[in-house]
Amino acid sequence: MAVPGSNPFSTRFTQPGRITPLDAAGRPLDAGVLLARLRILGGTAAVVGPHGSGKSTLLSRLAHEIECGGERLQRLRLRSWRDAAPSWSAILRAGPGSVVCIDSWECMGIAARSLMRTAAIGRRCGLLVTSHKAAGMPVLVQCDTSLALLRSIVASLPGHDHWYGTLIHAADVESAYVRQRGNLRESLYELYDRFEFRARRGLGACGSGPADDDGSVGERRGIHEFADGFSYPGAPEHNLRL
Amino acid sequence: MSEPQDRPATTPRIELHFDQPHRQHQPRDVLAVRYRIEGCDGEAVRALEHSVLWYTEGKGEEDLGVHFFQRITDRTAMPPAVTTGAFTTPLPQSPLSYEGFIVKVRWCVRVRIFFASGRDFVSEHVFALGRIPPARNPTTEN
């Protein structure tokens, strides 16, 4: 059975930490400038924006930069208010000068957020969160989406030169953005499906049995080359989780 | 064998050879791999890692398991002194490679070079474990 290529829109390549945070114009955000602003704000601030606007991606990058700067940092991702306990634990363990990063801050109730912020002040630790609204926190940056931003993300994905214009076209990117009403995460999921459908149709891997073994002919070639010996500069997020 | 690719001269290139044709392995097979590192251009290497791992790829959160891992820090056993490497490892019974529409399970050999400058470079080479037929495509693209 052949080993078909990777789908560049999979979360493996698009999850927070794997792509460079960009502004709405598609330009890289300067983490140094944002961290300087965070210090001015007293170390406590929110990355604010709607669903799928790159808040978690930016938080991941800022957390990485903070860690590289030698500061102690704890990262948490909330899925519901039930995850409040580990957040409390993180803040109570945090020492002066350390930073607690909480993704999806709005999952906690108003009272819990207020108490936690007070606790962070008491512990003299920083609190960097993502949220849909400022919710009483100073705003570090407002994340907005645009078609230009989605285009820039798509252009940064692995193997772009191999599949752009053949499996995914400019019109696909535009229609995904419009259909998903500017939600970049959902737009990338839609492009994942589109890429997968077209790549598999090109591969002939429609479930009728094992694909052939050649891996070097016709439409397969571009995709296969992308997966075969796929290389990239290392990043902390690529570390093996041993 | 991985195909040579066009890259800037300073980007390393890793040519990797699997012992089995078509990169097709069966559970409990012994995986034998040889690789050659090119393009380091004399840049000092701090460490070299080679590993065998599986990961999921799709629209959900990525899962990953390391089956074999070796880190080489002996300067006499890595570039620029030595530009080739090889290892063998018995493969497990699972998880088998799977080409689903929403999620895939992939096995790969990963070679990672840590340069003294602080940057590092990763090269992944996918192979298949087992023979599960790929999932059927949806009938329409939407």
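**Sheet and cores in chain A**

Me: Where does β1 sit, and how does it pair with β5(A)?

Reply: Strand β1 covers residues 44-48 of chain A and pairs with β5(A) in the parallel sense over three bridges. Strands are DSSP E runs of at least two residues and helices H or I runs of at least four, numbered from the N terminus; two strands pair if DSSP finds at least two bridges between them. This is a predicted model, where local features need pLDDT of at least 70, side-chain atom pairs count only at pLDDT 80 or more, and totals for chains, interfaces and linings use all residues. Residues are numbered from 1 along each chain as written, and chains are lettered from A in the order written.

Me: What stands opposite Val48(A)?

Reply: Gln142(A), in β5(A).

Me: What order do the strands of the sheet take?

Reply: In chain A the order is β2-β3-β4-β1-β5, an open sheet with parallel pairing. Its edge strands are β2 (73-77) and β5 (139-142).

Me: Changing topic, which residues touch the most others in the largest nonpolar core?

Reply: Ala46(A), Val47(A), Val100(A), Cys101(A) and Leu128(A), out of 30 residues. A nonpolar core is a set of buried Ala, Val, Leu, Ile, Met, Phe, Trp, Tyr and Cys residues joined through C-beta atoms within 7 Å; buried means 20 or more other C-beta atoms within 10 Å of the residue's own, with C-beta atoms placed from the backbone.

Me: Which element gives the most to this core?

Reply: α3(A), with five residues.

Me: And what does the second core include?

Reply: That separate core has 20 residues, among them Leu157(A) and Tyr177(A).

Note on methods. A residue is buried if 20 or more other C-beta atoms lie within 10 Å of its own, exposed if 12 or fewer, and partly exposed in between; C-beta atoms are placed from the backbone.
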